[in-house]
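The stops below are given in the order to select them.

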Amino acid sequence: MANQKRSANEINRIEVTTDNITGRGGLVMFQRYLDKIKILTLLLTFFGDIKKTKKGIAITNMFKQVICWLIDGTCKSLVYFDELKKDEGYASAIETTTEDMATSHQIKRFFKSFAFGSGRIFRRILRILFVWRLKIVKPEVVEMTIDTMVMDNDEALNREGVQPTYKKVKGFQPLHMIWMGKIVDAIFRGGSKHGNHGNAVINMVRDAAEAIRSGYSMTVPIIIRMDSAFLDEDNFKEFDRLGIGFICTGKMYTGVKEFIGKQSKEIEWSKYDNGHQRWDYKEQGYKCDSWSRFYRAFYTRPVYEGEQALLEFARPENIIVTNVGVIPKVLNYCSDELKIELSSPERIIESHHKRGADELPHRGLKDFRTEEVPFKRFRPNEAFYYITLIAFFLLEAYKEDVLEGVIPIESYPSTVRRKVVDFAAKIVKTGGVIIVKVSQTIMDILKIETVWERCQNPIPILV
């Protein structure tokens, strides 16, 4: 058999290079972004005292390494830090020496050093980040969603606080407040805690309102979206007192259906169309037997799904309860035009339908980091959870501030990692200057020059 002709491009051997190379070139830009927005300074302000000695790795460096590890997402295990300590290219990418890279044991001690009550401090930091983005976006109306997220820890052994959840798995069920794809406040808690457990919702909304009023605007309308798990008069009374609007999914009690049935032939249904689907709706009052007052409500039913029209008996019915338009304090400072818009049935129904999109951050968070937590004790797991939320928040802010026009803003973390983090870069030092080199293809496709320039001048958190 004749020998095949060897290709001129055939690789003959593999050798070791002494060049400083990293496969996480995108962390160079993200690390610069962290530095410029001053997030590490903010974390040091609140947690500078958890380290009892000046020896070892600085607190800001520990936070930076944990956040960059979460953004990288290559390996979910803390043991991976032992590998990173040996990687000179990775250390250079996040502007750290190999001597200052933490081992897995140091990282574990770091998480275990957070004291009881650290959760309240982390929540305050999340609200500061929230106000930071509000000042940048400058919304005319602040619309938020409150919901819970189940963290499945069925496969994890001996986790303190792991309890059965309504999804029939054991784990945690934190309460989240969501705004524009970001989790802006959260309470980490056991899986058996239902959505409306205790006064958690009231306290969370009260804290958020205070942060918005003091840090952003005293007059901006605030509207909270919720599902039927939070249908509670105590919640509604507090929202009324605070001048906060709510749009909540009601419960289909027998009396409600009977009332609508009696009205069906007497009152003509109104129409709402979002361009993709049409709904029939009727406005009415809504009050549970134990409540002291009625609230405004809209009974809705879709006319068709996609191209398929629905028969009347097959239409999924829904009821929306709100105080918008009946509690003057909610829209007290709005212009007449904005009052009319926000209190219109179409606007309220549209806002309620956005709840589906508001739950996408939960999917994004689970894509960003596995649901399982690494420690056996509740307190270090709580700290790990909140730092994960902060890193996820920063990734969303990074997409808006730096990656606009490079990748779609709605991209999930795995897409961001594969496209704008996981690319090769060479880090060289010459003439006292450190230079990061990438291929011309990467430079053009990812618009590296523009990304680098944006990383230098983001609006900082601490003004």
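Start by selecting α1 and α3, which are oblique to each other (angles under 35 degrees count as roughly parallel, over 145 as roughly antiparallel, 65 to 115 as roughly perpendicular and the rest as oblique). This is a predicted model, in which local features need pLDDT of at least 70 and side-chain atom pairs count only at pLDDT 80 or more, while totals for chains, interfaces and linings use all residues. Residues are numbered from 1 along each chain as its sequence is written, and side-chain values use heavy atoms, with hydrogens and water left out.

Helix α1 covers residues 26-37 and helix α3 residues 59-72; they pack at about 135 degrees with their axes 11 Å apart. Helices here are DSSP runs (H or I, at least four residues), numbered from the N terminus. Axes are lines fitted to C-alpha atoms over the stretch in contact, and angles run from 0 to 180 degrees between N-to-C directions.

Next, show the side chains where the two helices meet. From α1 select Leu27, Phe30, Gln31 and Leu34; from α3 select Lys64, Ile67, Cys68, Ile71 and Asp72. Contact means heavy atoms within 4.5 Å. The residues of this contact divide into six nonpolar, one polar and two charged.

Now go to lysine 38, in the loop between α1 and α2 (39-47). Lysine 38 is not a glycine, yet its phi is positive, about 70 degrees.

Last, select glutamate 95, in the loop between α5 (88-93) and α6 (104-112). Glutamate 95 has a positive phi of about 55 degrees and is partly exposed at 40%.

Notes
Ala, Val, Leu, Ile, Met, Phe, Trp, Tyr, Cys and Pro count as nonpolar, Asp, Glu, Lys and Arg as charged, and the others, Gly among them, as polar. Buried means under 20% relative accessible area, exposed over 50%, partly exposed in between (1.4 Å probe, protein chains only).
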